[in-house]
Amino acid sequence: MFVEIGSWWLRRSGAAVSADWLLSQRAVLDAFFTDEVALANGIDAVVARRERRVLADRATVAAERDALDECAAVLVELADALIALPERFRAAA
């Protein structure tokens, strides 16, 4: 969801090239958001999942309202949570 909303925001903000690049990074970002991909990479993505899900839902609601500034702020929070995840994850057994 982060990739789709982030790409939407980039396109609405006039950054089509960056949006295409973000979409191309889906496989990498899925390692931190999709259980199957995360487990295949030895990552326990359960850590802080609820908080990330709440942020993704808030970003979706903002996007549905076309609230670009609010959506951007929530996407930054979500990106920060994703960036911090490797420091917080437990290796999957």
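Which residue does R65 meet in a salt bridge? Select R65 and E70 to find out: their side chains pair up, with N and O 2.2 Å apart. R65 is partly exposed at 49% relative accessibility, and E70 is partly exposed too, at 35%. Keep in mind as you go that this is a predicted model.

Now zoom out and color by confidence. The chain has a mean pLDDT of 81, with 85% of its residues at 70 or more. Where pLDDT is low, the coordinates should not be read in detail.

Switch to a cartoon view next. You will see six helices and two strands, running α-α-α-α-β-α-α-β along the sequence. Of the 93 residues, 33% are buried.

Select R26 and E4, whose closest N and O atoms lie 2.2 Å apart. R26 sits in helix 3 (residues 26-30) and E4 in helix 1 (residues 2-12), so this pair ties together parts 22 residues apart in sequence. R26 has 31% relative accessibility, while E4 has 37%.

For the last stop, select R58 and E77, which form a salt bridge at 3.4 Å, N to O. This pair links helix 5 with helix 6 (residues 68-88), across 19 residues of sequence. R58 is partly exposed at 38%, as is E77 at 36%.

How values were computed:
Residues are numbered from 1 along each chain as its sequence is written. This is a predicted model: local features need pLDDT of at least 70, side-chain atom pairs count only at pLDDT 80 or more; totals for chains, interfaces and linings use all residues. Side-chain values use heavy atoms; hydrogens and water are left out. pLDDT is the predictor's confidence in each residue, from 0 to 100. Helices (H or I, at least four residues) and strands (E, at least two) are DSSP runs, numbered from the N terminus. Buried means under 20% relative accessible area, exposed over 50%, partly exposed in between (1.4 Å probe, protein chains only). A salt bridge is a side-chain nitrogen of Lys or Arg within 4 Å of a carboxyl oxygen of Asp or Glu.
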